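Open the structure in your viewer and keep the selection tool ready. We will go from stop to stop.

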Number of protein chains: 2
Amino acid sequence: MSYMRSRLITLWYCLFLLFITTNSLAASDLLPSWNDGPSKKSIIKFVQTVTDQSSPDYIQPADRIAVFDNDGTLWAEQPMYFQLAFAFEQVKTLAPQHPEWKEKQPFKAVLENDMKTVLAGGEHALLEIIMATHAGNTTDEFSQTVKNWLATAKHPKTGRPYSDMVYQPMLELLAYLRANDFKTYIVSGGGIEFMRPWSEKVYGIPPEQVIGSSIKTKFEYRDETPVLVRLPEINFIDDKAGKPVGINQHIGRRPIAAFGNSDGDLQMLQWTVAGSGPRFTLLVHHTDADREWAYDRSSSIGHLDKALNEAVEKGWTVVDMKRDWKTIFAFEKK
Amino acid sequence: MSYMRSRLITLWYCLFLLFITTNSLAASDLLPSWNDGPSKKSIIKFVQTVTDQSSPDYIQPADRIAVFDNDGTLWAEQPMYFQLAFAFEQVKTLAPQHPEWKEKQPFKAVLENDMKTVLAGGEHALLEIIMATHAGNTTDEFSQTVKNWLATAKHPKTGRPYSDMVYQPMLELLAYLRANDFKTYIVSGGGIEFMRPWSEKVYGIPPEQVIGSSIKTKFEYRDETPVLVRLPEINFIDDKAGKPVGINQHIGRRPIAAFGNSDGDLQMLQWTVAGSGPRFTLLVHHTDADREWAYDRSSSIGHLDKALNEAVEKGWTVVDMKRDWKTIFAFEKK
């Protein structure tokens, strides 16, 4: 009886698979938000090459690892990294439990919306804010806090939920790669536990394929229940030269494709192309001040300078957002 | 043309899938090396429950995470952890480059096969040996060294390659779980980079599903090529209370099934059962001095004491190797 049903389910699944495969491959375009041009062509050419079993450059599905930076590559990062907006809101939420923050920097400045003073405190101030807002609770509690924030917070410029601030062309690219048996990973300087609660829903990337910066956690019993407590101590910074380290630690194989947008992604791209066989590297260049933002060499957020030089020198694909993307955000009026 | 071929391939794949599904589920027994008894029954009952869509305890495939300790759970660990045998052999291989080792402990003792003196040095001595043999090279070089060792080294008791010292019933269990859409992970106190070069071939577990202890690595250029250099500095110890931490760091979800054999696995099992919904935990108890080894509460290797008490108290499945396993190693005469 249950064998019979299992066989039926398998048959249905097969028919479904056949249906979607036929349809998706027959569809004239899986990347509708990309304008025809060199960027789109380079992506399609790479994918067709490594999935063509008759090609000397064929790569077996298990090795089709693609890594994506998050901030500025999959979703926007202006006017400030979204995780920082989360941290600032957490300072306000937690302030009643910390009356001393009214007089203590950098918290005082956050509570007074004085971003200039906050940023003047540099990395040290930001780290203090992160530790005060990201540690002390359990992993389950933190995950719920992030979910609650994402469900209610609005982007200051568009008034949209932050999860609407994802790039439609990149969502299509993720789906296109997965339809071709790629395993898609996030490799971000952002917090691993900040991204995991929503990465599957927003990007279709499950928690085990999210790599990011982290603080230490500790296993202990609270009220006779085992929990992981988040400690105010850096565990790993998944940025710049940390990205190849994080990739190796989590994946244990070298990606064949890497996507980024800033100098923080340079070493990840270098590590990717240094493997043997066909490789693909792409930088998203923010060039559209009207529909998004335009920034690169002189921006502190998403600073893109050395990586842009190397991309030009080595012929990596550079997406010109203004030229290459028909749609940037799904909520844009068509 | 290529769409046509893709459709044909999909159809073939579907027929193949249908064929194997029908066959495997129709097969009377997917765990032939397990004697009929409570251990085998408890495994099958759990898997049938969580995969039965009509059950209130149904669990969707994405959440079917199963974690396995390695030493003493998937392969043997006597007369010493196999990674230690690897380290000792590496000391001998590297000795010509370190003439000072002839007079310096603990290396002197290793070179003289004086295990008593080596072990008398305690953890500190072993750590010195691990750092001297596991660091300094690149990740690619280390991976190759491990592969070379595994291809040639022989177990001191059986004379078999170490990769033959895996438990046949556990290989069947891994395959049975994967056939039911479980994702199988290794969560071991052993070195993550020591296991990854062979885990896929031996267990069908790909590198990205291997979690273990690690040393730090550093991204740098050597001869104009980016490499990850292995540093003589502990990064993470994936043992005892470290196992839930490692699981959370790598997987980001709680397993629904956990398999271990020693007190080093206790917290991993506690963390697993503390989740809501159906959970399965199993301890392998080494009870067969004839076919394998018999040890538990008084052994330093694979020390099993508190976890055994808790298993009995809480009704976890305890495999009695002598009673439950028809075959232990595939090379045994039938």
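This is a predicted model: local features need pLDDT of at least 70, side-chain atom pairs count only at pLDDT 80 or more; totals for chains, interfaces and linings use all residues.

Select L127(A), I234(A) and I237(A): together they make a nonpolar patch with about 240 Å² of accessible area. I237(A) sits in the loop between β4 (225–236) and α10 (242–250) of chain A. Its relative accessible area is 47%, so I237(A) counts as partly exposed.

Next come the charged pairs. Side chains of opposite charge can pair when their charged atoms come close. How many salt bridges are there over all chains? The count is 37.

Select D29(A) and K40(A). Their side chains form a salt bridge, 2.7 Å from N to O. D29(A) is in the loop between α1 (2–26) and α2 (38–50) of chain A, while K40(A) is in helix α2, so the bridge ties together parts 11 residues apart in sequence. Are these two buried or exposed? D29(A) is partly exposed, at 31% relative accessibility. K40(A) is buried, at 4%.

Move to K243(A) and D265(A). Here, too, the side chains meet in a salt bridge of 2.7 Å, N to O. K243(A) belongs to helix α10 of chain A and D265(A) to the loop between β5 (257–260) and α11 (266–273), so this pair links parts 22 residues apart in sequence. Both residues are buried.

Switch to chain B. Select D288(B) and R291(B), a salt bridge whose closest N and O atoms are 2.7 Å apart. D288(B) is buried, at 3% relative accessibility. R291(B) is partly exposed, at 27%.

For the last stop, select D63(A), K183(A), R253(A), E200(B) and E208(B). Salt bridges link these residues in a network.

Note on methods: Residues are numbered from 1 along each chain as its sequence is written. Chains are lettered from A and ligands numbered from 1 in the order in which they are written. Side-chain values use heavy atoms; hydrogens and water are left out. Patches are made of residues with over 30% relative accessible area and no salt bridge: like charges are joined within 9 Å, nonpolar side chains (Val, Leu, Ile, Met, Phe, Trp, Tyr) within 5 Å. Accessible areas come from the Shrake-Rupley method with a 1.4 Å probe; for residues, only the protein chains shown count as cover. A salt bridge is a side-chain nitrogen of Lys or Arg within 4 Å of a carboxyl oxygen of Asp or Glu. Helices (H or I, at least four residues) and strands (E, at least two) are DSSP runs, numbered from the N terminus. Buried means under 20% relative accessible area, exposed over 50%, partly exposed in between (1.4 Å probe, protein chains only).
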